[in-house]
Amino acid sequence: MCLYFLLLMLDALNEIYEELHCRVYRFSHIAGTDFMLPDRVSEMAKLNLCLKDITARLLNLEPPVQFTNVTRRERTQNGFRYALRRWSKFMKTAGIKVRDTVDYYFDENEQVLSVEKVVPYVSGRN
């Protein structure tokens, strides 16, 4: 039951914000061993037209760090899905551990995927 409410809360955070000069897509993701980009981000980055690198900005660090990360394409039954390569290096640089909740946003104009906040996983066991 708690997992159901957690998923509802995460879905509520997955929104697109249209501002005067740009579109920004905010989403949360529970970190795992790899990272598939949400379909909305893939569309905004136009990865279906041209597979390209994505600039990542780690705003959760002081000072913020920016670097370029390679994307990869995987075939599915319904087409393709896109992921970031070298995910373990990305996690280490950003201070992300498996099961942490990470808040991201993708800015369509800048074509930058930013990590806003990392919430560490806390086990419910005593």
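Predicted model: local features only at pLDDT ≥ 70, side-chain atom pairs only at ≥ 80, totals over all residues.
Where is Ser28 found? I looked, and Ser28 is in strand β2 (residues 23-30); strands are DSSP runs of E, at least two residues, and helices are runs of H or I, at least four, numbered from the N terminus.

Residues are numbered from 1 along each chain as its sequence is written, and side-chain values use heavy atoms, with hydrogens and water left out.

Next I checked burial (buried is under 20% relative accessible area, exposed over 50%, partly exposed in between, with a 1.4 Å probe and protein chains only). Ser28 is buried at 8%, and Asp103 is buried at 18%.

Then I turned to salt bridges (a side-chain nitrogen of Lys or Arg within 4 Å of a carboxyl oxygen of Asp or Glu). The structure holds seven. One of them joins the side chains of Arg72 and Asp34 at 3.7 Å, N to O. Arg72 sits in strand β5 and Asp34 in the loop between β2 and α2 (39-44), so this pair ties together parts 38 residues apart in sequence. Arg72 also bridges to Glu74, with the closest N and O atoms 2.0 Å apart.

I found Lys117 paired with Asp103 too, at 3.7 Å between the closest N and O atoms. Lys117 lies in strand β8 (residues 112-119) and Asp103 in strand β7 (residues 101-107), so that pair ties together parts 14 residues apart in sequence. Last entry: salt bridges with shared partners join Asp34, Arg72, Glu74 and Arg81 into one network.
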